[in-house]
Every structure is written in structure tokens, then in C-alpha cells.
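I opened the notebook to look up a few spots in this model.

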Amino acid sequence: MSSDATKGDRIRELMATEGDAVAENTRGFNQGRYESTGRLDDYEELKAEARGIKEDAIARLPELIEEVRRTVEANGGTVYVADDAADANRYITELTAEERDADRLVKSKSMTSEEIEVNEALEAEGVEVVETDLGEWVLQVADEAPSHIVAPAIHKSREGIAELFAERFDPDDPPETAEELTMFARERLGELIEDADVGMTGANFVAADSGTMLLVTSEGNARKTVTATDTHVAVAGVEKLVPTVEDFSPFVELIGRSGTGQDVTSYISTLTPPVGSPVPDFEHDDGPLADGSGDDRDFHLVLIDNGRMEMREDEQLKETLYCIRCSACSNACGNFQSVGGHAFGGETYSGGIATGWEAGIEGLDVAAEFNDLCTGCSRCVPACPVGIDIPWINTVVRDRINRGEADPGQTDWMFEELVPDEEPGGLDLSTRIVGNYETLAKWGSRTAPIANRLSDAGPVRALAERVAGIDRRRDLPEFAGEPLVDWFEARGGSRVSADEAEREAVLYADTATNYVDVDRGKAAVRALEALDVHVRVPDLPGSGRPPLSQGMIATAESAAEDVYAGLATHVDAGRDVVVIEPSDLAMFRSEYEKFLPEASHERLAAASYDVMEYVFGLLENGADPSDLRAPAEGTGPVAAGKRVAYHPHCQARTIGVGEHATAVMEALGYDVRVSDTECCGMAGSFGYKHDYYELSMDVGEPIREQFGDTDRTVVAAGTSCTEQIDALLGDTPMHPVELVAPRE
Amino acid sequence: MSVADRSTFKRRLDSLGVTVTEGPESECAELIDEAAGDPAVGVALDAGSLPDRIETDPTTAELRAAHTGVTDAELGVAEYGSVAIEADGAGTEPVSLFVDRHVVVLREADLVPDMPDAFEWLGPRARDESTDVVFATGPSATADMGGLVHGAHGPKEVHVVLLREPGEDGSGESDATDPEVSADE
Ligand code: SF4
């Protein structure tokens, strides 16, 4: 948006300074996740078990808080439930600065303590705070904030850290290699830990039945922090409670794999504090380590509410509390891979799920700052070990931002006329244009080619960029003069009569297929008819995907109702619904669950197929592949022969229909290379927006790297992918169905 | 404990860079002696004995100066190559942590197949005895400084002494039934 030019600038700057390090690390973690979870036989069962435990725990939270109070106190510790950050900090500083008169507190990395900014509170009372996680310590030395919930300093390169240490510590022999840097930090931190008075940790989980906490680290800093100091303060959000110690088990197997691809982290501490180790006295170190007086330890569990109990009452934000902070969603996220958490995050949390956290803890304003970096590509959904629908939370928050920011004084009358919808009047222009793409497309098609010529004209593009934030470097879709539905009717309907047909299918003429990319619709009709399917192409409303992407939930919901109304009779008549645009199929299968009665959603979801999935199914059931177009017959764009480069759509992959195209193409004899990036970066309309143009192109960069010099024929199913790949490779890919459909 | 668990455990340790030696309980002290550097501190074992050169009642200074720490483990988790070390009044936790090499003694009988078994073992002990256990898997590690480095805060190396069950073939020797486990991970 033009009013927001600084956002684009900041993103560009972060991509330039931190982008490379973030990309390398997150992609490495993400790849590690695939490999490590792939080695689990029962991955999906573990995820279901983990989710079940969280659902139960959050439902019973008040009861678990009382239980843990009893168990921790029975062990000799203290529990304090803090309402908010100030309350928690008051308790912690009183304990540390006053009661203990501590000079130094050593801290093991904890996002919850970042959330309450306890370091600042302690330092204000004269207590030195030292972060002991190596990455966190680097940031402390550099006076920076974490950019990732698991690996806080991934945006820093080794060279950057070496420079930092050389500058800050001026050592005789400046450390350079990873090994030297690590040993340098280990030594300095070792001394600081030994002399510390209080140790602070977070907790990954706390079991109510025993007061046992689970701490996951690789470095061993949490172990040292707890062992070396006689006072242990654990800071954890109330949502970290689970009923029993046995409940830790699935999380232990999931957390490292999900986050960094480690099967387990080096150390999984299960502490039931005060812990049983003697307190080593490093100041008088000629005394025995274990002097038998092991009872002088003190433990405080500070459970933090800070908005969480309210989130629990909020049907939409509640799922955020299931989050185990593994970071899988961040690592799987195309945008995060490009800009990292310094752009894609709020005061504390970053990445896709940060919207839920920040909205619940800091408020909508903070969440609004980065919420639109979630493009809804959905690649985080299968990555999340507790099955949180993260894009949905982002959509809900976006909707609330839309409504909350709506200024009743601003009438926006002209626009209200052009694109009436269910949303409040104050929505900004680019949101509204994208959200009402269907209306625009209908109008564009009706007035093509004038609309096309207009939309290509420089002054119009400049205006669109300035007023509506649509980047002028993007080619705008060219509207077709004759929509698919009209073409089909003019041709006299299906060439396969219903009586002779193997099956009957309704081809869903989505907005893009109907008004813009009519050719792929025609190809789909030919392919289905070649396999003896009686096809219908009724005039149906848009799926609601564009408004949903803008957080216009009410508009999307009414679209869902209209689509279902239009399809219900077909579904009742036993016809299959075949969908060309993957993001629309993903709507039918996933998001419509939120909009339609359960039975309606189930019926529609069960009857709907991706066009390539459908072709695949027909071939599996005996249809003859030789009725489709094999590579040998290829001329023109397929002249390159059998070799195909295929980019499956992000949402198609999430709902598990990305690979059918590969299978069909291979069955016909094509040699297929599949892109291994999570999302092309266009993600619906995201890449059109002026502020995000460079980011979008950067997210797509791996596709250019993989397919850039290829002599392969590039195919892609999504409309947005098509636009993006055209921009990246200078060549418009075709839909896989266009490759395999017989010629006219 | 099945043969499969033992070989899974050893294969896992191998892939983590953890060295393993095996023998009957009677050879425990020798196996430790071979594995431990110098100076070494330790905590008295439940099963098997320590070589004399291990300081079992160290001062804090001796702990600080030690190269190796020797402790036993309560449990091993075959599927992950993890060993469960319990914090106790004798100092098992600091002895296993503030050193460069941790030599850990585990009885084969204390090997369980997988994590759910480990947490079923832990649950009652946590509830009834307030135990503190760390499941340690390989050496301390960090990738925060631009590359994987071992020994960030804890030990750089780990060695496991696996004590065989005397019953198995009468001698404690079980190599005959032990499938080859190196280099196939
Ligand atoms: S939302 Fe899911 S994937 Fe993301 S950090 Fe939380 S648990 Fe992990």
C-alpha cells in the first residue's frame, strides 16, 4: 500500500542483510524435518496423540494449574501465577534482587522470558543477566533481538559473529572458525555461570501430576544453569501444562524433528525441582562437591497468563495455545525463509503462528504489523506437529484487523458501489480490489479487449500502484473475451453423451479459468471427454478464495454457501466435481469446513477432485492412457519432448493432490522433474502487492535456480504459480492438463 | 532387553559419534580405565566398580580440572541412543556435565526399546520420588556459531560402557548373537 512505503523498504533491507543466512538455515532445518519425520513409522499417530494431549490440557487448564501448585509445593518449591508481564517481573525481581540479593542471574533461552522482557526489569534493579544459549548470548552481546524461536541468531553469519567478538572482547587471538568461536563462548560463559547466584530457565512442558518440567536443549546450558545456582526460577506460559509425565513422550519425539530435524536434542531434562544435585561452590572450590548438605536449593515456578486465559475463551485464537514452539511453521514458510523473524514477527514471536501469539499477548496492532506476510500458502499446516491451522488463525486476525481498523467516518462510497461486499466500508483499496477479484474479472471479461489495453497502459499502472498498491512490474491477467462457460454452451455441451459416459463430472469453472485462462478449461474438457466422461460446465460463483486471502471472512462464507447451493444438485445426482484451480479445491476440502454445515462440507469434499487427481483415478480404474497425449506426439511448446519440469501448487501439496499430475505424466511416458520449493512466492495475490514484489520474487528464486536453465517443458497448476513462473523464467508454463489433453 | 534393542542402541550411538565398549560386570573397572582420560572424577556405581584412579569424592576444584567424568545411567533408550542420568546428592549431574568426556556405564538390562517406555518408567518415579533425570543423547552440540560443534557447554565426547547380563550365555559374552552393527546407518 502506498501509504506504507516503509514496510517495503524494511523488507528489502532485511533481505539484503539477513536474507542469505536465514534462507540457508531455515531451508536446512526444513529439509531436516522432512528427513527426520520421514524416519518415523507412526508420525501421523504421534501428531494426533500430541494434539489430543494439548486439547485436553487446555480444556482443563484451571484444574491443572491448581494441581501443579499442589505438587510443586509438596516438592518444596513455590508456584506463582502472574497475570501479566509486570506482575511476573515484580515477583522475579523481588525474589532475585531483594530476597537473594543476587548480582548475576544466568538464563537459559526462553521465549516466555523474552515476552515479559525480564532482562530489562532485572537490570533496572541492578542484577546482571547473562544469556547462556550461545546464539542468544551472541544477540545479547550484539544488543539485538532473536529472529527465530528455536535458533535465535540464524540471521547471523559466522563471519559476523567473529567480527562481533573481535570488536567487543578484543581478544589476543580472535576466534574465527565455528569451533574457535564456540570454545571462546563456552569459556566465557562457563565462568559467568559458575559465579552466578540465580538460574532462570523456561520450560517446554510442565507435568501437573508431579511438578516435573521438561527442558529441551542441545548445548547443555539449561543443565548448567540449574545445577550451578542454588535458586532456580522457571518461567513458563500457563499453556505449557500437561496432565502427566507420560504425556511428555510424544512431544519428545516430535519437537526436535519438527524444529531442526534432530531426532532428539542432545539433552532432554526432566526436572522435578528443587533438583537433587549438590550446589557446587565454585568460590571455595577446595571443599567437597557433594558435602551432603544438598537441601539448600530453592525453586520458583512462575506461570504466566498475560492474555492466555482469554485466548482460551476465544474459539479462534485458542488453538494458538496448542503450539509447542517448535518453529516448523517458520522453517516451512517461504516468506520466513526470505526475510526471517525480524520482518515476520512481532514483539516476541515470529513466523506464521506469531500472529496468534502476538494478537493474544500484545494485541491486534502488533499482529497487524506482519500479519499480511502470511500468504495462506498452507505449507506450515502439515508441518505443525499439533495440527494447528495456522493460516486460518492469520485469516481470522486479518479479518479482525480489517474490522477494527475500519474508520466509520470514511465512506469510501465510490468503491462501495463498484464492489459491494459483506465487509466494513473502511477496508483499504488493495484489500478490496483483490478480495473482489471475481467482480473485477467478470467486468474485465465483458469489456475485453478494452480492459486489457487499459490495464496495460503505463499511466493506469502507475495509478494502480499508487492508489491500490498493485506493483506495475507485474503483468496483469489478460481477460478472455469469451468465458469458458459460454464457449462450452456455444459448442453444444459435452461431446460424450450422458448415456454412453463412464462417469459424469461437473467441471468447476473457477474465476481464473472462466475469465482468464480459458485454455486450460478447454483442455480439461477434452481430457475428460477423451476418457469417456460426460462433462458439464455450469455457471457457478467464485469459491471465495480471494476475499478469504484478504481476511474478508463474511464474503468468503457467503461465497461458500453460493458455491454449495450451485453444486448440491450435481453432487446429489452422483456427479463428480472436477476442479482445475488447486487453491479452489483446497477451499472445498479444507476451509469450507468452517463455512458450511458439517454434512454439506463432507459431501462436497468427498465429491471433489483435482483435475489431475481425477485423470489419475480414471487411469487407475482402467481408462486407456493412449487416449491422452503422449510425449511422442508433442510439437510446438512440447517439442522439447518428454522432459517436463513441474511445480506443484503449495495448497495442492498440502491437501495431498500435488503428486497426481506427476503420476499421470509419468504414466504417459514423460520424464518429470518436480520442484522442491514449498511455495512459488506469488501465493494468490500476494506478489502483486507493491510492498511485497521483491519478497515474492525472492521466495520464487529456488524455482529459478532449479528450472532456470532447463530445456524442460515447464508445467504448473495454479494460476498464481503460472504468473510467477512467467515472471521468473520469462516463459508461461501450462497447466499439466494442457500437456496431456488431446489436441482440439 | 532383546538383541534387536541392543543392536539398535549401538547403531544409534555409533551414528551420534558415541563410542561403546561391552563386557561383563566383572570387567567394568577395566573398561572404564580404557575409556577415561586423566584426570578423572566419578560417582560410585550401582553395578560394577570403578578403577582406583577415579576420584569418587571430588572437590569442586577437582571437578573443574577433570578431563573425564564417570557416572552410571539409570536407563538406556534403544531407539534414540539416549541414556538417562539421574541428578543425585552424590553429584552425578555435575560430574557428567562439567567435563570434556563423559563415560557412562549402563547395564544391558536397563535398556528399553523406545521413548514411551522411558516415560512410563519415569512417571511413577517423578511422582513418588521427585526424581530429576536428563536423557542425554550424544555429546553437547551447537550450530549457533556457523557450523556444528560439539562441546558447547557440556561434554565434547561420550563413551558408553555397556555391561552385559551374566545370564545370557553364562559368560557374559554375547558377541556370537550380536549382528554386525557398524557402518550401516
Ligand atoms: S504453530 Fe505448530 S509448527 Fe508452528 S511453532 Fe507452534 S507447534 Fe510448531
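This is a predicted model: local features need pLDDT of at least 70, side-chain atom pairs count only at pLDDT 80 or more; totals for chains, interfaces and linings use all residues.

**Entry: A:Gly360**

I looked up A:Gly360 and found it in helix α16 of chain A, residues 354-361. Is A:Gly360 buried or exposed? Its relative accessibility is 18%, and buried means under 20%, so A:Gly360 counts as buried. I listed its contacts, leaving out residues up to four places away in sequence. A:Gly360 touches A:Asn306, A:Gly307, A:Met311 and A:Leu317. I then checked A:Ala523, which is 163 residues from A:Gly360 along the chain. Their C-alpha atoms are separated by 47 Å.

**Entry: A:Ser608**

I went to strand β14 of chain A, residues 608-610, where A:Ser608 is found. A:Ser608 counts as buried because its relative accessibility is 1%. Which residues does A:Ser608 touch, not counting those up to four places away in sequence? I noted A:Val577, A:Leu585, A:Phe588, A:Arg589 and A:Glu613.

**Entry: a sheet in chain A**

I traced an open sheet of three strands in chain A. The order is β16-β15-β17, and the pairing is parallel. The edge strands are β16 (671-674) and β17 (713-716), each of which pairs on one side only. From one strand to the next, the twist averages 30°. I recalled that strands of a sheet pair through backbone hydrogen bonds, either parallel or antiparallel.

Next I looked at strand β15 of chain A, residues 643-647. How many bridges join β15 to β16(A)? I found four, and the two strands run parallel.

**Entry: around the ligand**

I counted 14 residues around the ligand. Which of them come nearest? They are A:Cys323, A:Cys326, A:Ser327, A:Cys329 and A:Cys384. By class, the shell has 12 nonpolar residues, one polar and one charged.

**Entry: chain B**

I turned to chain B and found five helices and 11 strands. Of its 185 residues, 57% are buried. I took the contacts in chain B between residues at least 6 apart in sequence. Of these contacts, 69% join residues at least 24 apart. The accessible surface of chain B comes to about 6900 Å². Carbon and sulfur atoms hold 45% of that surface.

Key:
Residues are numbered from 1 along each chain as its sequence is written. Chains are lettered from A and ligands numbered from 1 in the order in which they are written. Side-chain values use heavy atoms; hydrogens and water are left out. Two strands pair if DSSP finds at least two bridges between them. Axes are lines fitted to C-alpha atoms, for helices over the stretch in contact, and angles run from 0 to 180 degrees between N-to-C directions. Buried means under 20% relative accessible area, exposed over 50%, partly exposed in between (1.4 Å probe, protein chains only). Contact means heavy atoms within 4.5 Å. Accessible areas come from the Shrake-Rupley method with a 1.4 Å probe; for residues, only the protein chains shown count as cover. A residue is near a molecule or strand if one of its heavy atoms lies within 4 Å of it. Ala, Val, Leu, Ile, Met, Phe, Trp, Tyr, Cys and Pro count as nonpolar, Asp, Glu, Lys and Arg as charged, and the others, Gly among them, as polar.
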